[in-house]
Amino acid sequence: MAQQKGKTGNPNGRPKGSPNKITSDVRTWISDLIDKNRKQVELDLKKLAPKERLLILEKLMSYVIPKQAAVSTKLDFDSLTDSQLDELITKLTEGVNDENTD
């Protein structure tokens, strides 16, 4: 008889969400490989054309800098008063005039 979805025959198995040993081993190996070859990686990057170098750096940055979640807002401008619209415009353009005066 098949087991129910979400149930396991081994209740003491690997906890949900924890990486398996092979994934952990591969990540450690890749990290060590990069650490040991850091100088060569830098030399190889310098040999690339500027555009290719930027593409590689952009890909590497995704592992260091968290990605921003997309945020969407829907405003019903018809329901806002004139003073609310003026306040919104002021907040949105804050600092824009300062940048143009430099």
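1. L75 sits in the loop between helix 3 and helix 4 (82-92); helices here are DSSP runs of H or I with at least four residues, numbered from the N terminus, and strands are runs of E with at least two. Its relative accessibility is 45%, so L75 goes down as partly exposed (buried is under 20% relative accessible area, exposed over 50%, partly exposed in between, with a 1.4 Å probe and protein chains only). T28 is 47 residues away from L75 along the chain, with 48 Å between their C-alpha atoms.

2. Some ground rules before going further. This is a predicted model, where local features need pLDDT of at least 70 and side-chain atom pairs count only at pLDDT 80 or more, while totals for chains, interfaces and linings use all residues. Residues are numbered from 1 along each chain as its sequence is written, and side-chain values use heavy atoms, with hydrogens and water left out.

3. On confidence (pLDDT, the predictor's own score for each residue, from 0 to 100), the chain averages 83, and 92% of its residues reach 70 or more. Helix 2 comes out highest at a mean of 94, and helix 5 (residues 96-100) lowest at 59.

4. Along the principal axes, the C-alpha atoms fill a box of roughly 65 × 55 × 20 Å.

5. The largest pocket has a volume of about 390 Å³. For reference, a pocket is an open set of points on a 1 Å grid where a 1.4 Å probe fits, with protein on both sides within 12 Å along at least five of seven lines; lining residues have an atom within 4 Å of a point. Its 15 lining residues include I30, I34, L60, Y63 and V64, which lie nearest the centre.

6. Which helix gives the most to that lining? Helix 2, with five residues. Helix 1 (21-36), helix 2 (38-47) and helix 3 (50-61) each supply at least two.

Terms used: Grid points are joined across faces, edges and corners, and a volume is the space filled by probe spheres set on the points.
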